[in-house]
Structures are given as structure tokens and as C-alpha cells.
Amino acid sequence: MRAFIKTGSIALLFAAAALSSCKKMYGIPDEKDYLSNNVNYSNKIFEPILGRTTLMGGFNGDNSTQPLKFEIINARFGDGRPVTDLFQKKPTYVWTAPYNGFEKSLAEIEAKRKLEEHPLFEVRSSGEFIMWGSSTNALITPRSADSTNFPQDTRFFDVKITNTGGSTVIRDLQVRPFRERPYEPSDDFNIYSGGPAPHPKTPYNPASRNYIRPFLNGVIGQQTDIPLQSNDDKKDVVVYIRPFTGGTGNSLRFKFLNKDSVAINPALFNETTWDKIVHGFNMQKTATYVQYDVAYPIPLVEIQTVYTPGGTRDHAEFKYSRIGFGGTRVVASFGIDFAIYKKGDWEIVFHFLKDNPKFEDE
């Protein structure tokens, strides 16, 4: 039996060698990969927001043999000028180990990512395009002071797709970058020209973007004794997201202002789970603010964690309780779902414009 197996194996080897020799002798080509004539993108216009890492896809390989090689070629502006700014290399964060939201320090987070040099805009081996977070408003070319005019220049490009079966070119894709919005929700006047919203005590301007509004649940006004609101018609409470000075460069601060713009002591929000507000460390709680050391962007990765139950934004909720009518304890809450994409020292300020929250028991 063993001799038969050995003899059969040797026969197979001789047959394979003979077939290979025949291919070479008679010029029979090796089998090539399949490259479909119908490869394409379902979307050919990409509009990433600068300053944040954005993946854009829609490639359909139509059963073409993998792997495929993708190459951006013939990048140009609408008037034919060559595009080079999209492909300048800058350092950007790349994860080397999975982030899960359970990291116990900034050092543990930073150990899971590193800075790498990448073109601002590139195509991946999957056919997806990526605009890296290292991109800035330097890619925006203002054309006019008229806010109705798009200030960005559209960049056109083609994509060459190759495997051993051949190559094909998908033409006239477009990238239209929107100017940076360092945080969400945004209070820009105009997503094209930018510019902050006016102070919320000024008359409401329906032509501007709306003010940042928190969610409110059972927050009663001290003077009115009715629930406070924040919507299109009534803005009892608004939110500012803004830089502040004197932080570590990796700071996030929460502040609360009453109707006279005087700081409310965070200790009054006595039901708040402060260690679940943001994935931060070294919490400092003072009579005027609560501050954390954080890594940016926030959230670090768009996945579901205890801080980002929705997966895409941090959920910061502040609660307090008091004795209501009938002697029952009632809990009120307010907060915001937010993201910050630019490293720095930022503060999120909740401003009670017309009435202060009622903390006293009935």
C-alpha cells in the first residue's frame, strides 16, 4: 500500500511537470485574473469635512478577482490645473491596537496609536477613499465674500484599477471638501464660509445655523416654576463649545452659567455620574467647573462605549434631584451629545439664559 501511494504521488508530480513543460513549449498562457468591465463606484462625489478622518466608499468590483490595485491619477481642478495639495504628506494618527473605551490612562490610549505620514487624501486597497484628520482649511480657496458662493474648489480625479487580468480607469470622480468644523453640533453661520453664530441673547436669525441646544428632561425654572425648553421657538438654555486658555493642551472643561452669567457650582448636580461624562482622567472639580485630561478626537473611535452609547458622539448628561410635590424625589437632567475633532483645550458651557434651574425642594 505504501509503495502504491508513493508511486501514485510520483506519477502526479511527473504529470504536473509535463503540463508545465507543454505550456512553455506551446506558449499556453497561465490563467489570468478576472477584471469586470462593470467595476464602478455607486457614488462619484465625495464631500468630506476637513480636520476629521473620513472614510468614503461605494466601490463595486462586480466579482473581479481580488486583490485589486487602486491608483488615483490625473487629479485636476475644473479648469485643468493639476492638483497637488491633496497629496501632501502630513503626520496623522493610526491605530495599532483596538480602542475599547476601557483604557485607564492617556498613556494607555497613546500606546495604542502612532503618528504616520500619509497623503491628506488617498485610496485604500479596498477601493475606499480616506480624508485624514490632518487635513485643514488650507485646502479651501475662497472665491467670494458672498456666503451663497461655494468657497471650495472641486477637485476631479480618475482611478486606475488593476489586477493580472488587465486594468481599467474610472473617470471624473470628485472631491469637494467642506471647511473644518472642529466640533459637533456646529454653530457656524454657514457650513461653506464658516463664522460663529451670534450671541444667543441677540434676536434669532433664521438665516444662520441654529444655536447649539441641549436636551432637557424635567428641569424646572426657579422663577417660572415651569419646565425649561430649548427648541426652535424657545431657547431657555443654550450651549457654547469654545477654546479656553490655561489647560494642558489635552483638556476638556464643563461649565454652567446662570441667567446673570455667574458660574453655577457643579456640586449642585448631585446625581451626576462624573466618571461617565467623558473618557477622561485626573478629574478636577471646582466651584466653577469640572475638568478632565482627554485624548482627541472625542470620541476617539466611532464605536459604542459607556461614553458613546450611540457610537458616534459622546453623551454628557448632568443630573440633580430634589423633593417635589407630594414628597417624592424627582430627578432632572440635561446635557449634550457632542464630538470634538481638534486637539486643544476646550470648554462646553451650558448657559441658562432666562431662568435658573430650580434646586430647592417644594
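Student: How many aromatic pairs does the structure hold?

Tutor: This predicted model holds 25 aromatic pairs.

Student: Why is the pair of phenylalanine 129 and phenylalanine 157 called edge-to-face?

Tutor: Their ring centres are 5.4 Å apart and the planes stand at 75°.

Student: How do you know whether phenylalanine 129 and phenylalanine 157 are buried or exposed?

Tutor: Phenylalanine 129 has a relative accessible area of 0%, and phenylalanine 157 has 2%. Buried means under 20%, so phenylalanine 129 and phenylalanine 157 are buried.

Student: What makes phenylalanine 334 and phenylalanine 350 an edge-to-face pair?

Tutor: The centres of these rings are 5.3 Å apart, and their planes are at 75°. The angle is over 60 degrees, so the term edge-to-face applies. Phenylalanine 334 belongs to strand 19 (residues 329-340) and phenylalanine 350 to strand 20 (residues 345-352), so the pair ties together parts 16 residues apart in sequence. Phenylalanine 334 and phenylalanine 350 are buried.

Student: Which cluster includes Phe334 and Phe350?

Tutor: Ring pairs link Phe334 and Phe350 into a cluster whose members include Phe254, Trp274, Tyr292 and Tyr320.

Student: Why is the charge of arginine 253 said to sit over the ring of phenylalanine 244?

Tutor: The charged end of arginine 253 is 4.1 Å from the ring centre of phenylalanine 244. The distance limit is within 6 Å, and the charge must also be within 35 degrees of the ring normal. The distance meets its limit, and the charged end is listed as sitting over the ring. Arginine 52 likewise lies over the face of tyrosine 341, 3.8 Å from the ring centre.

Student: Which residues touch the most other members of the largest nonpolar core?

Tutor: Leu252 and Phe254 do, in a core of 34 residues. Strand 14 (237-243) and strand 15 (251-257) are among the strands that each supply at least two residues of this core. Strand 19 gives the largest share, five residues.

Student: What is phenylalanine 254 in contact with, leaving aside neighbours within four places in sequence?

Tutor: Its contacts include Ile277, Val278, Tyr289, Ala316, Phe338 and Ile348.

Student: Which residues does the second, separate core include?

Tutor: That core has 26 residues, among them Leu35, Val39, Leu50 and Met131.

Technical notes: Residues are numbered from 1 along each chain as its sequence is written. This is a predicted model: local features need pLDDT of at least 70, side-chain atom pairs count only at pLDDT 80 or more; totals for chains, interfaces and linings use all residues. Side-chain values use heavy atoms; hydrogens and water are left out. Rings of Phe, Tyr and Trp (its six-membered ring) pair if their centres lie within 6.5 Å; planes under 30 degrees apart count as stacked, over 60 as edge-to-face and the rest as tilted. Buried means under 20% relative accessible area, exposed over 50%, partly exposed in between (1.4 Å probe, protein chains only). Helices (H or I, at least four residues) and strands (E, at least two) are DSSP runs, numbered from the N terminus. A nonpolar core is a set of buried Ala, Val, Leu, Ile, Met, Phe, Trp, Tyr and Cys residues joined through side-chain atoms within 4.5 Å. Contact means heavy atoms within 4.5 Å.
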